[in-house]
Amino acid sequence: MDGLSYWVGMAAVAVTATTGVLEAGRKPIDLFGMVLVALTAALGGGTVRDLLLDRLVFWIADQAYLFAALFAGVATFAVARVVRLPADLFLIPDAIGLGLFTVIGTGIALDAGVAWFPATLLGVVTGVLGGVLRDMLCNEVPLVFEGELYGTAAWAGALAFVGMLAAGVAAAPAGLLAMAAIIAIRLAALRWRITLPRFVARR
């Protein structure tokens, strides 16, 4: 899955940078701020993953990821200035980025020799942390902490990915199926308002 994972990772960076601009667009933020949010959303999760794995951070090792995030962020900023976009449009590319990043992160952790269970958690970190940082910069409660299934969808897909690998499924189809599962779970949760139970203290 090496060649495929590279381009999937590039797509994930571009898509997630787009979500950063779309969410930041709901705030009075200038172009520099938009680019900062886009880069944070696109690169944050993978950066933390690489630091935890003690490997060279992916966008430092290959600056093409940085250029992809910059281009996607600026392009989205330009389009949003001339086209009226729905306020919650970012949720769709966010679901796509969640699926792509989670599986790529899990695969990278497995390739680094990490056991399957912590590898799935590193996949979740890769998938959700950029969005957490994006939401914090935009002064919003991170999606992973509330609302419809988010981190749960990522973890389910990561577990499905390692399960398929253990069953002998080739990495490429296993990864694509896991990505599709994460995206489908997240979009279904948004459509039918599926959530986990919330903590309510007994009075």
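You're looking at a predicted model, where local features need pLDDT of at least 70, side-chain atom pairs count only at pLDDT 80 or more, and totals for chains, interfaces and linings use all residues. Residues are numbered from 1 along each chain as its sequence is written, and side-chain values use heavy atoms, with hydrogens and water left out.

**The whole chain**

Switch to cartoon view. The chain has 8 helices and 0 strands; these are DSSP runs numbered from the N terminus, with helices being H or I of at least four residues and strands E of at least two. The radius of gyration is 16 Å, close to the 17 Å from the globule rule for 203 residues, so the chain is as compact as a globular protein of that length. That radius is taken over C-alpha atoms, and the rule is 2.2 Å times the number of residues to the power 0.38. If you draw a box along the principal axes, the C-alpha atoms fill roughly 55 × 50 × 30 Å.

**Stop 1: helix H1 and Ala12**

Select residues 2-24, which form helix H1, and find Ala12 inside it. Is Ala12 buried or exposed? With 0% relative accessibility, Ala12 counts as buried. Now show its surroundings: leaving out residues up to four places away in sequence, Ala12 touches Leu100 and Phe101. A contact here means heavy atoms within 4.5 Å.

**Stop 2: helix H5**

Next, select residues 91-111, which make up H5. This helix has 21 residues and reaches 30 Å from its first C-alpha to its last, close to the expected 30 Å. The expected span is 1.5 Å times one less than the number of residues. H5 is mostly covered, with 17 of its 21 residues buried. Then click on Gly113, which follows H5 and has a positive phi near 90°.

**Stop 3: helix H2**

Jump to residues 31-52, helix H2, with 22 residues. Just after H2, Asp54 takes a positive phi of about 55°.

**Stop 4: Thr76**

Thr76 sits in helix H4, residues 64-82. It counts as buried, at 11% relative accessibility. Show side chains and you'll find a polar contact of 3.4 Å between those of Thr76 and Thr18. A polar contact is a pair of N or O atoms within 3.5 Å; within protein, one must be able to donate a hydrogen and the other to accept it, and residues adjacent in sequence count only if both atoms are side-chain atoms. Neighbours within four places aside, Thr76 is in contact with Thr18, Val21 and Leu22.

**Stop 5: out in the open**

Go to the loop between helix H6 (116-137) and helix H7 (151-166) and pick Asn139. Its relative accessible area is 66%, so Asn139 is exposed. Phi of Asn139 is positive, near 60°, in a residue other than glycine.

Finish with Arg193, in the segment after helix H8 (171-192). Arg193 counts as exposed at 60% relative accessibility, and its phi is positive, about 55°, although it is not a glycine.

Conventions
Buried means under 20% relative accessible area, exposed over 50%, partly exposed in between (1.4 Å probe, protein chains only).
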